[in-house]
Amino acid sequence: MKKNTNPAGDRIAILQTFVRIVESGSLSAAAAQMDTTQPTISRRLQSLEQMLGVKLIQRTTHTMKLTDDGERCYQHARRLIENWQILEDEVSGVQDEPAGVLRVRAPHAFGQDQLIGPLGDYLLRYPQINIEWILNDRSPDFIPEGIDCAIHVGAITDPSVVAILLAEVPRIVVAAPSLLANYGPVNEAEDLLKLPWVALSSFYRNEVTLSDMTTGDPFRFDITPRLSTDSLYAVRKAALNGLGVGMVSSWVVKEDLEEGTLQHVLPGWQIAPLPIYLLYPYASYYPARLRKFIELMKEVMPGLTGTQSAR
């Protein structure tokens with residue numbers, strides 16, 4: 001009988017690699033997420049197939065498909081890795097001491113400006129942690145992309161994830177003084193109908209809804225934007241250049257309002273604030289690095305400049 005010289009740690013690493021291949025969808029994606037080379041990933045897959053004596057993945061030039069044995073191996077491997085992680089944490093006593101790499105996705109503007117401070121505090125508090133801070137505004141595909149959690153602004157459309165409401169982002173209507181000078185004063189909500197608009201397509205495209213802060217009465221009207229964009233920074237810049245009126249998160253134009261380069265239009269009318277959620281996939285076990293990050297976000301998010309406690 002051939003003696004197996006693979007230690008348990010090597011087997012766990014090989015299983016982790018196999019799970020990452022399956023969940024990321026390719027060897028190259030798994031290599032990128034694990035910060036290694038594709039040949040290394042390929043060797044680990046071959047080692048696992050040799051140890052088990054079965055073919056786990058059928059690969060062609062353009063596709064990758066699990067065999068029946070591969071599907072069974074994947075399900076068992078996920079449970080084994082999870083149990084091994086629990087065992088390691090309990091035996092080493094690091095259940096509450098975060099370590100490793102935390103991969104977080106956040107909206108580009110909010111993640112670039114408002115959240116770097118809290119991230120720095122988190123890294124100083126837990127020196128064994130490294131963070132991959134991935135900035136874009138689309139919803140993450142957690143498992144294939146290897147994302148641990150995401151900061152999400154706006155409504156939740158995926159019911160398959162855990163969503164923790166952290167805070168809200170107030171929004172206001174703004175315009176450049178030059179634009180308002182050309183179109184005349186805006187004293188009533190109906191006056192907005194005569195103005196050109198810039199749309200932040202992630203949150204409003206062809207319709208605007210405001211509410212009277214005194215009576216609560218809504219006012220809805222259609223717009224045909226001169227410019228539509230998915231960038232909050234682009235909306236701000238377009239408004240500064242007088243291209244149109246825009247609805248923006250109040251924090252992004254705070255200095256512009258103070259300097260007078262933008263004006264708050266109809267402050268007696270309000271826009272529904274945008275909710276801020278922390279999202280992560282369901283699991284039976286969450287490592288300390290994620291648990292502590294969730295605690296931090298719950299603590300700091302309502303107190304950031306430009307946010308408020310969720311109603």
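This is a predicted model: local features need pLDDT of at least 70, side-chain atom pairs count only at pLDDT 80 or more; totals for chains, interfaces and linings use all residues.
Beyond its neighbours within four places in sequence, Met297 is in contact with Leu115, Pro118, Ile151, Leu166 and Pro302.

Helix 11 also packs against helix 6 (residues 116–125), and the two axes come within 11 Å, crossing at roughly 135 degrees. Angles of 65 to 115 degrees count as roughly perpendicular and those over 145 as roughly antiparallel; helix 6 and helix 11 are therefore oblique to each other. The crossing of helix 6 with helix 11 is right-handed. On the side of helix 6, the contact is formed by Pro118, Leu119, Tyr122 and Arg125. Helix 11 contributes Arg289, Lys292, Phe293, Leu296, Met297, Glu299 and Val300. By type, the residues of this contact comprise seven nonpolar and four charged, with no polar ones.

Leu266 is located in the loop that runs between strand 13 (263–264) and strand 14 (269–270). The phi angle of Leu266 is near 50 degrees, a positive value in a residue other than glycine. The relative accessible area of Leu266 is 9%; because buried means under 20%, Leu266 is classed as buried.

Note on methods: Residues are numbered from 1 along each chain as its sequence is written. Side-chain values use heavy atoms; hydrogens and water are left out. Contact means heavy atoms within 4.5 Å. Axes are lines fitted to C-alpha atoms, for helices over the stretch in contact, and angles run from 0 to 180 degrees between N-to-C directions. Helices (H or I, at least four residues) and strands (E, at least two) are DSSP runs, numbered from the N terminus. Angles under 35 degrees count as roughly parallel, over 145 as roughly antiparallel, 65 to 115 as roughly perpendicular and the rest as oblique. A crossing is left-handed if the near helix is turned anticlockwise from the far one by less than a right angle, and right-handed if clockwise. Ala, Val, Leu, Ile, Met, Phe, Trp, Tyr, Cys and Pro count as nonpolar, Asp, Glu, Lys and Arg as charged, and the others, Gly among them, as polar. Buried means under 20% relative accessible area, exposed over 50%, partly exposed in between (1.4 Å probe, protein chains only).
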